[in-house]
Amino acid sequence: MANVAVIGSQWGDEGKGKIVDWLSERADVVVRFQGGHNAGHTLVIDGKVYKLSLLPSGIVRGGKQSIIGNGVVVDPWALLKEIDTLRGQDVEINSDNLKIAENATLILPLHGELDALREDATSAVKIGTTRRGIGPAYEDKVARRAIRVSDLADEDLLRSKIATLLMHHNALRKGLGADAVDGEDLLKLLLEIAPKILEFADVVWRRLDEARKARKLVLFEGAQGTMLDNDHGTYPFVTSSNTLAGQAAVGSGVGPGSVNYVLGITKAYTTRVGEGPFPTELFDEVGQGLGERGHEFGVVTGRKRRCGWFDAVMVRQAVKTGGITGIALTKLDVLDGMDELKVCVGYRIGDKEYDYFPSNMADQAAVKPIYETLEGWSDSTFGARSWDDLPATAVKYIRRIEELIEAPIALVSTSPERDDTILVKDPFTE
C-alpha cells in the first residue's frame, strides 16, 4: 500500500477537496503540508456541505488523525472559528484527532493588514491575494522573525519575539502610512488564545514517524496548484509557498521516500482566481457558461473565477515538475452539451512556438494558445461511475488529454458527490 500526495496541477480550485475526502476513507492520517486559510476545500457528504480552509479534509471522517504540518502558516483565530463551525455540524474535533505542528508559523493580525496595505498601494503590482496575511507570514518565517506555535507557551520569549517582529513591521507600516502596532496589545491577544491552540500542538514529525513504523496509510493534502508555486508557477502572480509534491516531505517532517504516489487533481477545463497570465482564458459566452455550470466562485473569498479551455501544455509541465504519477480529472460533467471543445497543445509568442510555459513575466503575458479542436458530446456524464456510463466522445476527450499531458488518468470525477467517481487506477495500491 502506498502513501499518496494530492496536489493541484493548474491554478488551484481543481476539486481537491472531494478527491481527498474520497481517498481519506482508507487513509489513517491526513496531513496539510503548505499554505494557509487562503485555500478552500468544499466537501459534499450525503448532501451535507463542509467548507474547509485550514483543517485537513480527513477531519470530517471519524477515526482519522488530521495533522497541520510545519509547512502551513496558521491563523489561530481563523482556525478556532473553523473548528467551531465544524463542531456545529456535528464533526468531532479534539486533541486526539487533530494535531498542529509545534514549529508551524503563526499568522497575526498585522500580517493581514500588511497584505491589504500592499494590495491597495497604487504603485504596487496587483497580485490578487486573498488578503489573509499568508505572504507576509511566510516572509517573517524565512527572515527568522516569525512567531511559532510553540512560542505561545513562553510569555517572556513571546514578548521578546514580538519586540523583534515589530521593529520590522512598524517601520513598514510607517512607510505605508499605517499606525504602529502596540506590542503589549498583541501580546495580550496571543496569551488569550494560547491555551486553545496549545491544546492541539504536538511534535508532528514524530507522530508521522510512528505512523510509518506502524505501516499506517498517510494522505498528504496540498493546497492551491502547481502554477501558483513560488518557484515553478506564474511568478510573481503566485502564492507564497511551494505547492508541489516535494513540499509534502519538508512541510510535514518526513523524508521524500514517504511519498509513494503523487495524484495531480486536474479540472477538465481551466480556471484561475486573481491576477496573472491565463493563455486559454475565454471572455465570451462560452467562458461565462463554463463559470455558471461549474459554479466557479472561490470557497474562501467568493470571487468569480476566470474560465478557459483545457491547457495541456501547462498540465504537462505540472506533471514533470510535480512528479505526478496519475491524474484525477474533475468536473467533466461541466462540458456536457458542448458541440466542440478546444484544447491548448502549444504556445506562440510572436513567430516562435513553445511547448512549455516560459518563466519570463513578459513572455508569459504575451503567450497565445495553439488549439486543437475535439468533438463534444450531448449526453450527460453527470453522476457517471464507470466508463460504460460515459459517451464515446467523452472517453476520446479523456484519452487525448492523457496523450497530451503524458500522464495516465487514475480517477474521473463526475459530480461533487464523493461516490460519483470512476476509479481507473487505485493510488493506494499502485
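What follows is a chat about how some features of this predicted model get their names.

Biologist: Let's start with the sheet; what makes strands 9 and 20 its edges?

Modeller: The sheet is open and has 10 strands, in the order 9-7-5-2-10-1-11-15-19-20, with mixed pairing. Strand 9 (201-202) and strand 20 (421-423) each have a single partner strand, so one side of each is left without a neighbour in the sheet.

Biologist: How do you know that strand 2 and strand 10 are paired?

Modeller: Pairing takes at least two bridges. Strand 2 (residues 29-32) and strand 10 (residues 218-221) are joined by four bridges, and the two strands run parallel. As one example, Val-29 has Val-218 as its bridge partner in strand 10.

Biologist: And which strands pair with strand 11?

Modeller: Strand 1 (residues 4-8) is joined to strand 11 by five bridges, and five bridges also join strand 11 to strand 15 (residues 326-330). Both pairings are parallel.

Biologist: Why is strand 11 called mostly covered?

Modeller: Buried means under 20% relative accessible area, and in strand 11 (residues 261-267) seven of the seven residues count as buried. Tyr-261, Leu-263, Ile-265 and Lys-267 point one way, while Val-262, Gly-264 and Thr-266 point the other way, and all are buried. So residues pointing either way from strand 11 are buried.

Biologist: What about helix 10, how many of its residues are buried?

Modeller: Nine of the 11 residues in helix 10 (residues 312-322) are buried, which is what "mostly covered" refers to here. Among them are Val-313, Met-314, Arg-316 and Gln-317.

Biologist: What makes Asp-311 a cap for helix 10?

Modeller: A side-chain oxygen of Asp-311 lies 3.1 Å from the backbone nitrogen of Val-313, at the N-terminal end of the helix. Just after helix 10 comes Gly-323, with a positive phi of about 60 degrees.

Biologist: Why is the contact of Asp-13 and Arg-305 called a salt bridge?

Modeller: The rule asks for a side-chain nitrogen of Lys or Arg within 4 Å of a carboxyl oxygen of Asp or Glu. For Asp-13 and Arg-305 the N to O distance is 3.3 Å, so the pair qualifies. Asp-13 lies in the loop between strand 1 and helix 1 (16-24), and Arg-305 in the loop between helix 9 (285-293) and strand 13 (306-308), so the pair ties together parts that are 292 residues apart in sequence. Arg-305 is buried at 8% relative accessibility, whereas Asp-13 is partly exposed at 25%. These two also belong to a salt-bridge network with Lys-267, Glu-296 and Lys-331.

Biologist: How many salt bridges turn up in the whole structure?

Modeller: The search finds 26. One of them joins Arg-212 to Asp-209, with the closest N and O atoms 2.8 Å apart. Both sit in helix 7 (residues 204-213), three residues apart, which means about one helical turn between them.

Biologist: Last one: which residues touch the most other members of the largest nonpolar core?

Modeller: Leu-55, Leu-79, Ile-93, Phe-220, Leu-332, Leu-335 and Tyr-397, in a core of 89 residues. Phe-220 has contacts that include Val-4, Val-6, Val-31, Phe-33 and Val-259. A second, separate core has 17 residues, including Val-20, Trp-22, Ile-265 and Leu-411.

Conventions. Residues numbered from 1 in each chain as written. Predicted model: local features only at pLDDT ≥ 70, side-chain atom pairs only at ≥ 80, totals over all residues. Heavy atoms only, no water. Buried < 20%, exposed > 50% of the residue type's maximum accessible area, 1.4 Å probe, protein only. Core = buried A, V, L, I, M, F, W, Y, C linked by side-chain atoms within 4.5 Å. Contact = heavy atoms within 4.5 Å. Polar contact = N/O pair within 3.5 Å; in protein donor to acceptor, adjacent residues only side chain to side chain. Lists of a residue's contacts leave out its neighbours within four places in sequence.
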